[in-house]
Amino acid sequence: AGGVSISTLFMAGYIPGLLMGLGSMVVAFIYAKKHKYPVSGRMPASEALKVTLEAFPSLLLIVIVIGGIVGGIFTATEGAGICVLYCLILSVCLSICYKSISVKSFMKILVNSACTSGIILFLISASSAMSFVMAYSGIPAAISTAIMSVSENPYVIFLLMNVILLIVGMFMDITPAIL
């Protein structure tokens, strides 16, 4: 598996993520000041260390996923799968440690998530079938001919393509819609 370039991580990953996090903190700070939320005192170092150690397994997820992608161990898609697996293992281990969930309720959660995944997969398969029918009938070729007849300006064509994808995206999954 190939790694992701450093410039891609900074321009499409770290910097936007840090800016979004910073923006969220600023909004939360202004909102809290405006509504006069109570302020707690400084946390003692021992308590801060305890909270950090409790959060360490969850924080390790970021290191595993980003480290694996940057190190070329797995792709971003595989990283998502590893993230899900790690979270599943972590949640089961933590729920056993804290006795917050029983085996019966865990099985119920698995069944609910399987049902939700089945619904999503059915929708994707139905949109794929619809895209096959549309491609077979020549609708995409007719749309592209219509777009090209409107203008030769690339910005106008780009705008029209986005409007069409917005409309088509209401009925189909994005991958078959783009195809």
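**Helix packing in a predicted model**

The buried residues of α2 pack against α3 (76–98), where buried means under 20% relative accessible area with a 1.4 Å probe and protein chains only. Helices are DSSP runs of H or I of at least four residues, numbered from the N terminus. This is a predicted model, in which local features need pLDDT of at least 70, side-chain atom pairs count only at pLDDT 80 or more, and totals for chains, interfaces and linings use all residues. Residues are numbered from 1 along each chain as its sequence is written, and side-chain values use heavy atoms, without hydrogens and water.

In α2, the buried positions are L61, V65, G68 and I69. Helix α2 covers residues 45–70 and spans only 33 Å between its end C-alpha atoms, whereas a straight helix of 26 residues would span 38 Å; the expected span is 1.5 Å times one less than the number of residues. A kink of about 55° lies at F56, shortly before P57, the bend being the angle between axes fitted to the seven residues ending there and the seven starting there. Just after α2, G72 adopts a positive phi of about 75°.

Further along, helix α5 (residues 139–150) packs with helix α6 (residues 154–169) at an angle of about 145°, their axes 10 Å apart. Axes are lines fitted to C-alpha atoms over the stretch in contact, and angles run from 0 to 180 degrees between N-to-C directions. In α5, I143, I147, M148 and V150 meet I157, L160, M161 and I164 of α6, contact meaning heavy atoms within 4.5 Å.

The chain averages a pLDDT (the predictor's confidence in each residue, from 0 to 100) of 84. Confidence is highest in α2, at 89, and lowest in helix α7 (residues 174–178), at a mean of 66. Where pLDDT is low, predicted coordinates should not be read in detail.

How values were computed
Helix = DSSP H or I, 4+ residues; strand = E, 2+ residues; numbered from the N terminus. Buried < 20%, exposed > 50% of the residue type's maximum accessible area, 1.4 Å probe, protein only.
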